[in-house]
Structures are given as structure tokens and as C-alpha cells.
Amino acid sequence: MTYPWHLYLMGAMYIIAGIMHFIKPKVYLRIMPRYLPFHKPLVLLSGLVEIMLGVGLFFRFTKDMSLYGIIAMLSVFLLVHFYMLSSKKAGAGFPRWILLLRLPLQFVLMYWAFYYLKI
């Protein structure tokens with residue numbers, strides 16, 4: 001079975017996002033909630049997970065598991081987005097409107113992943 005091109009786009013998007021955790025970890029370290037321990041290992045682990053989930057979308061036998069993993073990961077990342085709204089310092093210099101826009105975007109990304117569970 002051939003999947004639609006946009007499923008592969010999603011896979012590539014998560015792979016690239018995950019790689020960026022290793023190329024530019026400081027960007028992700030700036031937005032880590034202070035209440036979480038081990039910031040650097042968590043940034044690298046989340047990058048690795050994004051890469052693995054993205055790669056999983058390219059294979060029929062791992063597609064659904066990867067989609068559930070992406071939905072779960074995006075749910076966890078909501079905590080970071082809410083944390084960034086908690087104070088100016090936590091916002092890491094991003095304009096508030098961008099931080100607010102990221103919240104519904106997370107749900108759009110979750111829906112996008114959920115959509116492919118039907119295929």
C-alpha cells in the first residue's frame with residue numbers, strides 16, 4: 001500500500017525537528033521548564049524520539065505506533081508551551097502572540113497524526 005505524500009512529509013518534518021535537537025540544543029535548552037531535571041539529556045532524548053517516530057511513519061508495521069507516539073509526544077510538549085506562557089523569562093524572548101499561536105498548532109498537529117490512523 002502506498003501512503004499519501006503528506007504522511008511522508010510529516011515523517012520528514014519530525015526527523016528534521018529531531019535532528020535540530022542535536023544541531024542546536026541551546027534553542028531547546030532555553031525553553032525547558034525549570035522544574036524538569038537533566039535538561040540536556042531530555043533535549044537529546046526528545047530529539048531522538050522525534051527522529052524515531054518520524055522514521056516509523058515510513059513503514060507500514062510501525063506507522064500506527066509512531067502516530068500514537070507523536071500524539072503522546074505532542075501532548076507532553078503542551079506542558080512546555082504552557083510553561084513558556086508563565087512568565088517573560090520562560091517565554092525565552094518569543095513574542096507572546098507566537099507562544100499563544102503554538103497552543104492550537106499542537107492540536108492541529110495531533111489531529112494531523114490522528115488522521116493517518118484511518119489509513
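Predicted model: local features only at pLDDT ≥ 70, side-chain atom pairs only at ≥ 80, totals over all residues.

Colleague: What is the volume of the largest pocket, and which residues lie closest to its centre?

Modeller: The largest pocket has a volume of about 840 Å³. Its lining counts 30 residues. The closest to the centre are His21, Glu50, Phe77, His81 and Arg102.

Colleague: Which helix gives the largest share of that lining?

Modeller: Several helices take part. Helix 1 (5–23), helix 2 (25–29), helix 3 (39–56), helix 4 (60–85) and helix 5 (96–115) each supply at least two residues. The largest share is 7 residues, and it comes from helix 4.

Colleague: How many residues in the lining of the largest pocket are nonpolar, polar and charged?

Modeller: Sort the lining of the largest pocket by class. The residues divide into 24 nonpolar, 4 polar and 2 charged.

Colleague: Now the second largest pocket. Which elements give two or more residues to its lining?

Modeller: This pocket holds about 150 Å³ of space. Its lining includes Met84, Leu85, Arg96 and Leu99. The elements that give two or more residues are helix 4 and helix 5.

Colleague: And by class, what lines the second largest pocket?

Modeller: The residues include Ser86, Ser87, Lys88, Gly91, Ala92, Gly93 and Phe94. Counted by class, the lining of the second largest pocket has 5 nonpolar, 4 polar and 2 charged residues.

Colleague: Ala92 is in that list. Is Ala92 buried or exposed?

Modeller: Ala92 sits in the loop between helix 4 and helix 5. Its phi is positive, about 55 degrees, although Ala92 is not a glycine. The relative accessible area of Ala92 is 12%, and the cut-off for buried is under 20%, so Ala92 is buried.

Colleague: Which other loop residue has a positive phi without being a glycine, and is it buried or exposed?

Modeller: Look at the loop between helix 2 and helix 3, where Phe38 lies. Phi of Phe38 is near 55 degrees. Its relative accessibility is 62%, and exposed means over 50%, so Phe38 is exposed.

Colleague: Phe38 also belongs to a nonpolar surface patch. Which helix gives the most to that patch?

Modeller: The patch is formed by Phe22, Phe38, Leu42, Leu45, Leu48, Val49 and Met52. Together they have about 660 Å² of accessible area. The most, 5 residues, comes from helix 3.

Colleague: Last one. How far apart are the C-alpha atoms of Phe107 and Ser75?

Modeller: Phe107 has its place in helix 5. At 47% relative accessibility, Phe107 counts as partly exposed. Phe107 and Ser75 are 32 residues apart along the chain. Their C-alpha atoms are separated by 8.5 Å.

Technical notes. Residues numbered from 1 in each chain as written. Heavy atoms only, no water. 1 Å grid on protein atoms, 1.4 Å probe; cavity = no way out; pocket = protein on both sides within 12 Å on 5 of 7 lines; lining within 4 Å. Points joined across faces, edges and corners; volume = space filled by probe spheres on them. Helix = DSSP H or I, 4+ residues; strand = E, 2+ residues; numbered from the N terminus. Nonpolar A, V, L, I, M, F, W, Y, C, P; charged D, E, K, R; others polar. Patch = residues over 30% accessible without salt bridge, like charges linked within 9 Å, V, L, I, M, F, W, Y side chains within 5 Å. Areas by Shrake-Rupley, 256 points an atom, 1.4 Å probe, with all protein chains shown as cover. Salt bridge = Lys/Arg side-chain N within 4 Å of Asp/Glu carboxyl O. Buried < 20%, exposed > 50% of the residue type's maximum accessible area, 1.4 Å probe, protein only.
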